[in-house]
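Dear colleague,

I am passing on to you the structure that we talked about, together with some notes on what turned up in it. Please open it first and keep it beside you as you read.

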Amino acid sequence: MPTTTASAVCTTVGNNILLRLTSGERDVKLKALRELKNQIIGNRTKKLSFLKLGAVPAVAGILSDAVSAVDVADNDENDRIVKDIIVQSAAVLGSFACGFEAGVRAVLDAGADILIQRGCLVEEMPLLKSYMEVVDAGARSLKMIYQSKMAPKYDFLQEENMEFLLSLLNNESENVSGLGASIISHSCKTSLEQKLLFDAGVLKRLTSLLGGSLIQRDASLESIATIFKNNPEVVSQFVGPDTGRTLSCIIEIVKDRFARTRLLASLCLIVIRNASPCYLQDVGIKTKLINNLLELLDDPGRVGDEASFAFSSLIAEKEDMQKLAFEVNGVDKLYNHLQKGSLHPRRFEGILLALADMCSKLECCRSRCLSLQVLKLVVDALAHDSSDVRSAACMCLRSVSRSIKFIQNLSAGSFMNETIVIPLVRLLDDTSTAVQVAALGAISNIVVDFTTRRSTFIRLGGVKLLVQLSKSMDSTIRLNALRALRNLIFLAEDKCKEEIFMELTASLLASLICDPEPSVQEQALALVRNLVDGRINSVEYIFAEDGIILDAVGRQLRIASKAEIEIQGMYVLGNVATGKESHKEAVMDQLLLRAENKAQSCIIKFLQSNDSRLRTAAVWAVLNLTCSSSPGSSGRLVKLHDAGIVSHVKNMVNDPCLDVKLRVKTALEQFNSFDDSLILCIFSPAASNNKASTSCLQFLTVRAVGELSHVVDPSSKEEESIANYFRFSMKKNKKKKSTRTVKFCFDVPADSL
Amino acid sequence: MPVRVAESSAPSQVSGAHSEESSPPICSLLTVGQAFSGTQNVSNLQKEEAWRVNVRIQGCDLEHGYLCGTMEALNVPMADTPVVTFWEGEIVDAKNYTFYTGKWEATPEDDIRHWTKFPSFAPLLSRVEADGGKSLDLSNYPYIFMRWKEQYFVNVGTDCGLTIAGFYYVCFSCSDGSINGFYYDPNSSPFQKLELKCANEGRSGFSFSSYELQ
């Protein structure tokens with residue numbers, strides 16, 4: 001029912017029109033439809049008003065009636081009016097849907113899309129020239145509906161749908177073929193659908209449309225891009241005599257006089273290039289694309305807004321493209337646009353992201369940004385109203401600071417610490433999660449700093465915020481907060497570490513190490529690794545609160561299956577193993593005694609890993625535990641030997657990785673440096689013989705550190721010589737003021753010594 | 001149009017994250033955070049001096065053959081405090097950099113003259129003379145050759161009386177992390193030697209930390 005609208009005049013006029021729409025006389029209806037169409041065309045406010053008055057269902061009803069009334073066989077005056085009514089009502093519905101989401105919703109709710117399709121486009125109508133007007137109107141309207149995200153998904157898998165689509169594409173009317181192309185652009189999402197369309201041969205028709213009218217060309221370019229997007233398989237099948245023609249056709253269109261067409265052609269080529277890098281590798285075409293897009297930035301409208309996004313998709317992750325873009329002054333050109341000020345948010349966002357991509361790998365781009373003072377504009381954007389712009393500004397900063405050289409230059413140069421740090425810290429509290437994550441990314445790079453920026457960050461309350469975020473329910477935020485903390489702690493001074501640890505607490509760290517997300521576990525372990533590095537008293541942190549952190553580390557190592565986690569965990573233990581005796585023993589405890597059901601130590605698994613980084617980390621732990629300068633090392637060596645770890649290390653003497661090989665070599669030298677007269681004996685408790693000590697002893701196993709196990713046959717004569725050796729070694733030990741001891745596992749008859 | 005969504009979760013090489021962990025280092029002793037200490041002998045007309053030197057690696061980008069860090073010189077006569085400089089290194093990996101410097105007023109003859117002072121260079125000499133060492137596969141060689149160039153003073157002014165105009169030819173031993181270097185500066189005495197050992201800073205064993213640039 002009619003509701004009040006903003007303008008009283010509108011209400012009167014609106015109600016009047018609606019009233020006449022309900023008239024029984026076709027002439028009146030037709031006139032009312034025309035008036036309605038003229039009222040709403042290009043006028044969002046009027047569309048909204050009429051929407052509220054219930055215009056859409058009313059018009060849909062009229063369309064439905066008219067379609068039923070059509071008698072194709074007849075061609076008299078009456079039919080003409082009916083046709084006109086169909087045309088006008090289709091036009092009105094299409095207009096409501098044009099660029100107006102609420103209108104699209106209303107049209108779809110009224111089932112008008114199906115009505116139009118059935119009424120205007122199916123069956124005999126498209127075949128009759130006299131009905132071309134109807135067909136065209138229907139096609140135009142449907143196209144407008146299909147431009148909306150809310151339009152229904154077209155089911156390509158249904159054979160009749162595919163046939164209908166092909167009939168649309170093959171139609172001569174540019175509106176009808178344009179509709180076919182629109183449907184593809186809108187609905188084709190999966191690689192299966194892409195393949196179906198490709199196999200159905202639509203490309204041939206789309207290519208011929210490239211030579212058609214402006215509408216056909218643009219629609220075709222969008223469709224071609226949609227079919228190829230991210231689908232290397234389809235692109236690779238795109239071979240044969242047709243390929244060259246289509247590609248060169250599109251390349252020509254890159255020079256078209258209409259900006260939008262140039263943009264669409266560029267996007268099409270980019271899609272093909274990204275899906276299958278063997279196409280469009282020529283330096284000439286690469287440069288042409290880059291220059292084209294940089295020029296399109298000059299367009300003041302939507303094309304200019306979108307050009308930077310297209311530029312990003314062209315150069316993202318591709319160092320060669322970034323280099324080419326740099327050589328044609330890409331950074332400068334982007335900066336010039338930034339400087340214009342009062343940018344539309346979409347444009348601002350696009351340019352910032354384009355700069356982020358430019359600086360993602362190349363030092364020359366970062367330096368250029370620094371010298372152009374781009375950063376000042378980027379930092380200003382951190383406070384923009386649009387969250388997309390704030391996010392993009394953070395990504396730009398992150399990209400630019402992804403270089404230790406750059407970070408050093410920042411420190412050395414005049415760009416102040418607080419200028420960057422203050423607005424970034426503020427964003428940690430942003431209402432948008434995406435912005436928080438982006439800010440965390442930039443912060444985590446910027447805090448890798450060996451000067452004062454760290455202390456500025458801490459002073460501004462950055463640590464408190466990071467710790468808070470590390471408790472977030474959102475795992476992405478937890479992860480990125482931890483990354484920033486990990487970097488912050490890297491080589492931090494004692495005081496700084498202490499402040500961070502007080503805020504974090506041992507229990508939080510322990511729970512983060514056991515976080516449900518593996519990547520969070522990894523970062524937590526990396527944080528602890530950095531925490532216990534540095535001055536030797538830093539190792540104590542891991543023992544805080546009854547050693548819950550160390551226990552958590554040990555536990556994760558035993559259950560982890562991801563190499564990255566295992567590597568960090570091993571380095572934690574390896575670092576702790578460079579501490580005092582008690583620290584080393586605690587590590588031994590984690591590695592050896594805690595294994596469930598006397599299973600082998602996890603370190604053996606790591607020593608055998610395919611990942612050389614993990615093997616390296618494991619060998620370092622062993623090296624640190626058996627460091628020659630430590631008094632308890634020989635005892636630890638014996639235990640490691642018993643656990644089978646030493647022999648595993650020995651087996652790695654020809655490791656394919658140079659670093660591992662060198663560490664193993666050092667380890668073996670270290671093992672051999674221990675007194676080799678150290679013998680570990682196990683005596684059988686059932687020594688019942690009372691003869692001379694040597695023959696009483698039944699040696700089950702004689703082991704020498706550094707040599708293989710030697711099982712002695714008690715009945716053989718070996719016994720005596722081994723016993724002599726043993727006695728000799730014992731004497732030798734007594735002489736030496738050595739702290740090394742021989743270990744006994746069972747009772748030894750007292751008179752044997 | 002592609003819309004950028006904030007990158008999330010796990011770091012990966014594909015995403016471009018410059019991770020210290022993702023590609024294994026050539027040698028774990030030449031990684032960020034590692035410290036080295038030793039001496040540089042400084043000769044001038046009057047006498048021989050030796051300064052204590054501490055070096056720390058701060059950045060490492062193997063893909064681009066890049067390294068950087070700080071160098072701290074202690075008991076420098078002209079200065080009241082230790083003098084700290086920031087240096088950048090080029091790793092001779094036959095991909096990014098060769099044995100020929102090609103800048104900093106060092107001729108190929110100067111290059112060869114300096115590299116041959118390292119015993120570990122001897123097996124490579126003939127190949128280097130032939131093609132600059134481009135055909136060498138140094139990935140399994142237990143020594144890493146670099147050039148280190150100090151870029152600026154971190155804690156003193158340029159009027160401190162010290163020069164950083166030259167650069168070092170450096171040889172790093174992967175097995176024990178020891179570093180030998182020769183300073184080259186056409187305006188200074190030749191072959192001033194830098195000798196450093198891997199420092200474990202009071203610990204028994206070697207401790208490693210890391211950071212990750214996203």
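The accessible surface of chain A comes to about 32,300 Å², and carbon and sulfur atoms account for 53% of that surface. Please keep in mind that this is a predicted model, and that every value below was computed from it.

To stay with chain A for a moment, it is built with 43 helices and three strands, and 56% of its 753 residues are buried. If you take the contacts in chain A between residues with a separation of 6 or more, you will find that 69% of them join residues 24 or more positions apart.

As for Leu424(A), once its neighbours within four places in sequence are set aside, its contacts include Leu382(A), Cys394(A), Leu397(A) and Ile446(A).

Is Thr85(B) buried or exposed? Its relative accessible area is 3%, and because buried means under 20%, Thr85(B) counts as buried. The side chain of Thr85(B) is joined to that of Glu150(B) by a polar contact of 2.7 Å. Beyond its neighbours within four places in sequence, Thr85(B) is in contact with several residues, including Gly69(B), Met71(B), Tyr152(B) and Ile164(B).

Finally, there is the interface, where 71 residues of chain A are in contact with 52 residues of chain B. The size of an interface is often given as the accessible area lost when the parts come together. Here chain A and chain B bury about 5,100 Å² between them, with 51% of it on carbon and sulfur atoms. On the chain A side, Arg402(A), Arg483(A) and Leu658(A) lose the most area to chain B, and together they make up 11% of what that side buries. Across this interface there are 29 residue pairs in polar contact, counting pairs with both residues at pLDDT 80 or more, and one salt bridge is found there. A salt bridge links Arg486(A) with Glu212(B), whose closest N and O atoms are 2.8 Å apart.

With best wishes

Key. Residues numbered from 1 in each chain as written. Chains lettered and ligands numbered in written order. Predicted model: local features only at pLDDT ≥ 70, side-chain atom pairs only at ≥ 80, totals over all residues. Heavy atoms only, no water. Contact = heavy atoms within 4.5 Å. Helix = DSSP H or I, 4+ residues; strand = E, 2+ residues; numbered from the N terminus. Buried < 20%, exposed > 50% of the residue type's maximum accessible area, 1.4 Å probe, protein only. Areas by Shrake-Rupley, 256 points an atom, 1.4 Å probe, with all protein chains shown as cover. Polar contact = N/O pair within 3.5 Å; in protein donor to acceptor, adjacent residues only side chain to side chain. Buried area = accessible area lost by both parts, 1.4 Å probe. Salt bridge = Lys/Arg side-chain N within 4 Å of Asp/Glu carboxyl O.
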